[in-house]
Amino acid sequence: MVRLSAGSRRCRVRLVRLALGSALAAMACASAAASTGPLPQPRPASKAAHKDFPMRIAAYVANSGSGTVSAADVRLERPVATTTVGTGPTGVGAAPDGSHVYVANGVSDSVTFIETVSRKAVATVPVGSYPFSAAPSRDGRWVLAANWGSGNVSVIDTASRRVIATPAVGELPHSVATLPDGIAYVTNSGSNNVTVLSKGHEPVARIPVGDFPSGITSTVRGDKVYVANTGAGSISVIDPVTRKVTATWPVGKAPLGLGLSPDGQRLYAADSGADVLLVIDTATGGVLSRVPVGKTPQGVAVSPGGSRVWVTNEDSDTVSVVDPDLTKVRTTLRTGHQPEGIAITPR
């Protein structure tokens with residue numbers, strides 16, 4: 001977790017501290033024939049036909065204080081599993097095909113791969129010092145772990161599960177957003193800027209933003225990047241074409257985790273300093289509503305259809321499930337100790 005001292009704005013990170021993979025059952029309905037013979041029996045689905053069946057959407061929460069990841073069924077809004085990972089897990093990312101989630105273990109300097117059908121940890125990849133987040137590329141080929149303690153990013157090949165590059169970024173890298181064209185943006189909390197990584201994982205630009213940038217997200221099309229400046233109480237809007245900040249919105253006390261509605265019209269920010277979820281109009285930067293959640297909200301994830309926003313509450317050991325249209329909490333689920341990062345599988 002990132003905590004900010006009100007007087008000095010000094011920051012520290014506390015690093016000690018889905019999906020039901022069942023396939024939908026297929027129902028075959030045979031129409032009645034005039035014949036009195038037996039109805040035809042449905043044939044069992046072949047593995048080839050079953051392979052691409054959609055998985056049930058699930059949320060995965062990294063519990064930094066208990067070394068576990070909690071999985072919850074997004075449709076039913078209930079817990080379904082707990083998976084043991086490394087020590088001090090903080091960030092979570094979901095593969096574009098929903099087959100795996102990736103967990104940054106801050107204290108044990110590794111990234112755990114969880115297979116979502118079995119909900120079991122299937123691999124652990126050593127990375128740099130104190131990885132804070134693990135974000136997959138849009139094509140699923142890479143996972144980028146922001147190594148807070150070593151000032152770089154570990155690029156993991158998801159096929160071989162090996163680190164293939166370690167580009168240097170700024171000081172205290174926090175989170176990563178990936179774009180459809182293969183470009184990645186990394187927030188550097190210690191140097192108050194964002195590093196742009198090329199398709200080849202090389203640093204090509206640094207963009208100044210606000211104080212202590214942390215959470216970051218981008219639109220589906222990749223035409224906007226949003227950065228939460230936790231120390232400044234603001235959001236920076238970056239144009240990926242010019243690689244410049246086009247707007248800075250003063251919002252909340254200490255915005256941290258970010259999420260976007262599928263249409264890009266609303267930005268959701270966990271205000272860790274006010275215990276609310278901010279709903280922000282991306283056309284104007286104005287705060288539309290403040291939804292009270294639990295204590296010290298950290299991570300934000302939006303369901304694929306946009307009907308629910310999930311918020312982790314680190315000091316309540318819960319996750320709040322918010323209806324963004326009614327702007328109220330629908331339900332509150334228990335998690336492990338000190339939940340931080342969260343990701344929802346796309347299918």
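Guide: In this predicted model, a residue counts as buried when its relative accessible area is under 20%.

Visitor: What share of the 347 residues in the protein chain is buried?

Guide: The cut-off for a buried residue is under 20% relative accessible area. Of the 347 residues in the protein chain, those that are buried make up 56%.

Visitor: How many strands does the protein chain have?

Guide: The secondary structure of the protein chain includes one helix. Besides that helix, the number of strands is 30.

Visitor: Why is strand β11 largely enclosed by the rest of the structure?

Guide: Strand β11 covers residues 142–147. W142, L144 and A146 point one way from the strand, while V143, A145 and N147 point the other way. In a regular strand, side chains alternate between the two faces of the sheet. Strand β11 is largely enclosed because its buried residues number six of the six.

Visitor: Which residue in β12 stands opposite V143?

Guide: Strand β12 spans residues 152–157 and runs antiparallel to β11, with six bridges joining the two. V143 belongs to β11, and the β12 residue opposite V143 is I156.

Visitor: Which residue stands opposite V143 in β11?

Guide: Strand β10, residues 131–136, pairs with β11 in the antiparallel sense over five bridges. Opposite V143 stands P136.

Visitor: Which residue takes a positive phi in the hairpin of β11 and β12?

Guide: The hairpin of β10 and β11 has five residues between its strands, and G140 in that turn has a positive phi of about 80 degrees. The hairpin of β11 and β12 has four residues between the strands. There, the residue with a positive phi, near 65 degrees, is G151.

Technical notes:
Residues numbered from 1 in each chain as written. Predicted model: local features only at pLDDT ≥ 70, side-chain atom pairs only at ≥ 80, totals over all residues. Heavy atoms only, no water. Buried < 20%, exposed > 50% of the residue type's maximum accessible area, 1.4 Å probe, protein only. Pairing = 2+ DSSP bridges.
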